[in-house]
Amino acid sequence: MANHKLTWITGPTRSGKTTQLIQHCCTWVKQAGRPDNLPTPIALPGVLVLAANGDNRIDLDARLTAALQGTYPFHATTPLGFFQDEVTLFWPLLIQQLDLKAQFPVRLNPENEQELATRLWRSSLDEIIARQPTVNEERFVRRLLDLLQLTHLAGIPLNDMPTILQQGLAGQEQELPLPFPQVKILLQEWERWCLERGLLTYGIMTALYWQYLLPHVTYQRHLRERYQMVLADDVDEYPAIARSLFEVLIQGGSEIVFTFNPDGAVRSGLGADPAYLAALAHQCQMVALTHPPVPCLGSEWGHAIVEFVTDPMALLALPEAIQTIQTISRAELLRRVAELIVKAVQSGQVEPREVAVIAPGLDAIARYTLSEILTKHQIPVASLNDQRPLTSFPIIRSLLTLLALIYPGLGRLIDRDAVAEMLVVFTQKQGTPTLSLTPHTPHPTPHTLIDPVRAGLLADYCFAPHPDRPRLLPPTTFPRWDRLGYQASETYQSVLQWIETQKTQLEQRLIPNAVTLLDRAIQHFLIAERTLSFDQLSALRQFIETAQHYWEINNRLKQSQLPNSDAPTFMTVGHFIQLLRNGTVTSNPYPVRPIGPSSNAVTLANVFQYRSNRRAHRWHFWLDAGSPRWLSGVDALFAAPLFLHEWSGRAWTAADALTANEQRLRRILLDLLSRAEERVYLCHSDLATSGQEQTGVLLSLVNAAIAVSG
């Protein structure tokens with residue numbers, strides 16, 4: 001029998017589920033909220049709002065605030081964010097339960113987690129690599145940590161992991177070059193080591209929440225008192241343990257509204273368990289939405305196109321709204337796609353913000369080529385969750401070079417080219433606006449006081465390499481220093497003087513840590529004389545967040561027995577430089593959105609990013625439509641299907657993987673077509689970047705579509 005306090009809203013992409021969710025909340029607030037005529041404030045019933053990810057949370061928060069006109073408070077977060085907040089808030093309960101040291105917990109970022117786990121498991125890893133030299137250490141450590149997270153997100157005891165792996169990977173034991181019971185021992189050692197030091201990873205936080213905190217009677221009482229209304233948007237993206245949370249709230253009498261997209265499950269393979277969450281629907285009053293309130297290609301053509309792609313015998317005449325761009329080479333394809341977008345924008349057919357370029361795997365070549373051509377025609381480009389390594393930005397590389405110049409003992413981490421680049425980057429000044437600037441240009445182009453040629457000469461003649469104390473020498477060291485010019489010489493001298501001042505202050509212990517030094521350098525060289533672009537500011541923000549976190553963790557480890565935890569300062573700085581140069585830290589800080597002219601931009605995204613962000617555009621360009629990655633390019637963690645509650649318990653075979661890929665392709669097509677309002681261009685080149693012929697699953701769709709004229 002359905003519980004009248006529970007509502008389950010189901011429907012395809014963009015069918016109005018979130019709008020219904022917000023309407024339910026507004027109705028509930030009117031019935032349960034505080035009347036305006038009460039003279040004294042009273043405690044208001046709490047509202048918990050859950051969204052699938054950070055970007056969705058921002059959107060839902062804004063929409064709900066507008067609908068309630070800011071008159072009623074609510075707490076908006078993601079499932080993982082909620083678990084983290086609750087573990088931190090109720091940490092004293094966990095200290096009592098687990099007999100932990102009374103210290104405030106600190107969350108480990110994934111890159112710190114990988115580094116520390118590698119150091120903790122050093123002896124075991126050395127033994128494994130000695131037996132099997134082909135083992136990739138970094139990949140192996142990441143797999144172990146991902147297995148820990150998958151296990152706990154599924155609400156499965158760690159003791160059960162060896163059995164699951166034994167059954168699911170039967171015949172594929174080489175995928176983990178370690179006996180499965182030993183995997184459990186290493187992970188238990190890692191959990192114990194972290195908890196002793198108050199360090200929390202996503203996997204460990206999840207374990208603490210579902211194993212210890214959620215079953216605690218005191219916590220359950222507080223949870224039910226705090227939240228009488230819960231809005232859970234897109235529960236097809238939630239981990240299995242979220243169902244345990246909802247069941248506790250249901251037992252406490254909370255009113256809950258769920259939304260569920262049968263064609264969603266974007267995070268399937270990354271910890272989400274949509275089928276397990278869907279079982280909650282049996283207790284709820286059902287609201288089924290069928291047709292999107294806005295026009296889209298999916299409502300009329302979605303299922304027909306899916307059938308045509310998956311059934312070789314199916315016949316279909318595609319509408320004019322679906323067209324194809326075909327070339328022989330991929331380079332020519334990228335150029336034609338960019339030119340078509342430029343022509344459409346300049347003719348007024350579409351605004352840049354109404355165009356999205358989507359690919360199963362958007363590589364750096366495609367991002368660069370499309371961005372370069374479009375920006376030359378004053379069309380802004382926004383790469384969705386680009387996640388470029390921080391060291392792909394010259395400003396970040398230059399800051400790392402600066403650290404190696406100032407801290408002793410790091411001379412082997414810099415070379416002549418790095419010094420030359422630093423001199424160019426640190427001597428850029430804001431240019432003077434000219435009449436040629438267009439409205440789309442947000443800032444004048446900076447000009448460089450030390451150009452690459454002069455920087456190269458200075459690096460050749462004035463950089464003195466040394467393993468312990470590398471130095472920049474005065475410009476007069478260069479025999480023909482007069483050729484540098486007065487302005488370049490003076491600018492170089494000011495950089496040299498600033499570096500020497502910092503070295504002196506470091507020796508006098510006037511610089512607490514590298515974060516302080518980095519902040520000084522950013523203020524002096526990067527912000528004082530120019531305005532940085534949005535992507536540069538985003539990268540700097542992530543860089544400083546990473547540095548602050550790294551030194552916070554380092555301070556926590558000063559008391560531990562882990563090797564190198566009490567290493568000298570220069571070694572800590574060196575580890576930090578190498579961590580970033582490995583490319584494990586990306587420019588993807590807390591979600592932010594550009595404003596002004598740059599917000600009217602063409603979107604570049606891969607399929608996973610686009611679907612996760614819940615975007616929709618008038619025009620879609622499906623890049624590399626003939627690529628096999630539409631079917632096989634799975635964004636999933638190792639062994640993820642084995643931790644779904646619907647798993648059969650049998651070995652996971654190639655046939656199972658193919659079936660899962662076909663189901664994923666079906667969801668992708670239905671979802672993307674529902675996010676395309678007017679037109680889809682299938683962009684196909686006969687040859688991929690590697691030179692191989694592309695014969696992917698969408699090729700029949702490409703051949704059936706109308707070719708773009710010209």
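In what order do the 7 strands of the open sheet stand? The legends below take up this question and others for a predicted model.

**View 1. An open sheet with parallel pairing.** The strand order is E11-E16-E10-E17-E18-E9-E19. Strand E11 (381-383) and strand E19 (706-707) stand at the edges. Each has a single partner strand, so one side of each lacks a neighbour in the sheet.

**View 2. Strands E17 and E18 run parallel.** E17 covers residues 617-622 and E18 covers residues 676-685. The two are joined by 5 bridges. Phe621 stands opposite Tyr681 in E18.

**View 3. The largest nonpolar core holds 85 residues.** Trp121, Trp190, Phe246 and Phe643 have the most contacts inside this core. Helix H9 (residues 180-196) supplies the largest share, with 8 residues.

**View 4. The surroundings of Phe246.** Leaving aside residues up to four places away in sequence, Phe246 touches Leu50, Val230, Ala232, Val235 and Tyr238, along with Ile256, Phe258, Leu277 and Leu280.

**View 5. Helix H20 packs with helix H21.** H20 spans residues 486-507 and H21 spans residues 514-527. Their axes lie 12 Å apart, at an angle of about 160°. Angles over 145 degrees count as roughly antiparallel, so H20 is roughly antiparallel to H21. H20 passes H21 in a right-handed crossing. On the H20 side, Val495, Trp498, Gln502 and Gln505 make the contacts. They meet Leu517, Arg520, Ala521, His524 and Phe525 in H21.

Key. Residues are numbered from 1 along each chain as its sequence is written. This is a predicted model: local features need pLDDT of at least 70, side-chain atom pairs count only at pLDDT 80 or more; totals for chains, interfaces and linings use all residues. Side-chain values use heavy atoms; hydrogens and water are left out. A nonpolar core is a set of buried Ala, Val, Leu, Ile, Met, Phe, Trp, Tyr and Cys residues joined through side-chain atoms within 4.5 Å. Buried means under 20% relative accessible area, exposed over 50%, partly exposed in between (1.4 Å probe, protein chains only). Helices (H or I, at least four residues) and strands (E, at least two) are DSSP runs, numbered from the N terminus. Contact means heavy atoms within 4.5 Å. Two strands pair if DSSP finds at least two bridges between them. Axes are lines fitted to C-alpha atoms, for helices over the stretch in contact, and angles run from 0 to 180 degrees between N-to-C directions. Angles under 35 degrees count as roughly parallel, over 145 as roughly antiparallel, 65 to 115 as roughly perpendicular and the rest as oblique. A crossing is left-handed if the near helix is turned anticlockwise from the far one by less than a right angle, and right-handed if clockwise.
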